[in-house]
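Open your viewer and get ready to select a few residues.

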Amino acid sequence: MSFDPQWTHEELANRLCDILVSKGQLKDKPAFIRQDREAVIADVFRSIGLDGARMQSFTNVGPLETIVRKGTQGQAWVDQVILGLKAMLPEQVLAATVQVGMDHDTQEALAEAKEKTRMRYDRLGKGKDGMGGMMGGMGGMGGMGGM
């Protein structure tokens, strides 16, 4: 089964639940079981920005697995969801070497932290090399008192 790039979060969750039901991993009856699970999955997809367009953007399965795991709180069904989503991806995406890197938000947070650290070093007069004077206030020998 493939996906449609036009699918919303809810439509993607609905089709995923169809897959889970067909594999016997989700009960279809009574109806509230599926409806509840589908709503939870749709909420997760909404929170991580996963829809048909995002599915189309993947060039390997690494980022898909990462965002789904990041968006869930260790639910027992997360592996089934990932496998179901993978089943929708094109063969070339499945066959591609898995590459897992930092997502955009994490990259921005890291850059911000590095900038704050640099500014603190500059403010404290630590120098350009990140060390410049770190031992200067510790007796010149890293606090060893000249040992």
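Buried here means under 20% relative accessible area, exposed means over 50%, and partly exposed is in between (1.4 Å probe, protein chains only). Helices are DSSP runs (H or I, at least four residues), numbered from the N terminus. This is a predicted model, where local features need pLDDT of at least 70, side-chain atom pairs count only at pLDDT 80 or more, and totals for chains, interfaces and linings use all residues. Residues are numbered from 1 along each chain as its sequence is written, and side-chain values use heavy atoms, with hydrogens and water left out.

Start with helix 5: select Val-78, Val-81, Ile-82, Gly-84, Leu-85 and Met-88, which are buried. They sit on the same side of helix 5, because they cover an arc of only 165° around the axis (the arc is that of the directions from the helix axis to the C-beta atoms). Now show their surroundings: these buried residues pack against helix 1 (9-22), helix 2 (31-48), helix 3 (52-57) and helix 4. Contact means heavy atoms within 4.5 Å.

Next, select Thr-72, in the loop between helix 4 (62-71) and helix 5 (78-88). Is Thr-72 buried or exposed? Thr-72 counts as buried because its relative accessibility is 9%. Leaving out residues up to four places away in sequence, Thr-72 touches Val-44, Trp-77 and Val-78. Look also for a polar atom of the Thr-72 side chain, 3.3 Å from the backbone oxygen of Arg-69.

Last, go to Gln-92 in helix 6 (residues 91-95). Gln-92 counts as exposed, because its relative accessibility is 58%.

Technical notes:
Helices (H or I, at least four residues) and strands (E, at least two) are DSSP runs, numbered from the N terminus. A polar contact is a pair of N or O atoms within 3.5 Å; within protein, one must be able to donate a hydrogen and the other to accept it, and residues adjacent in sequence count only if both atoms are side-chain atoms.
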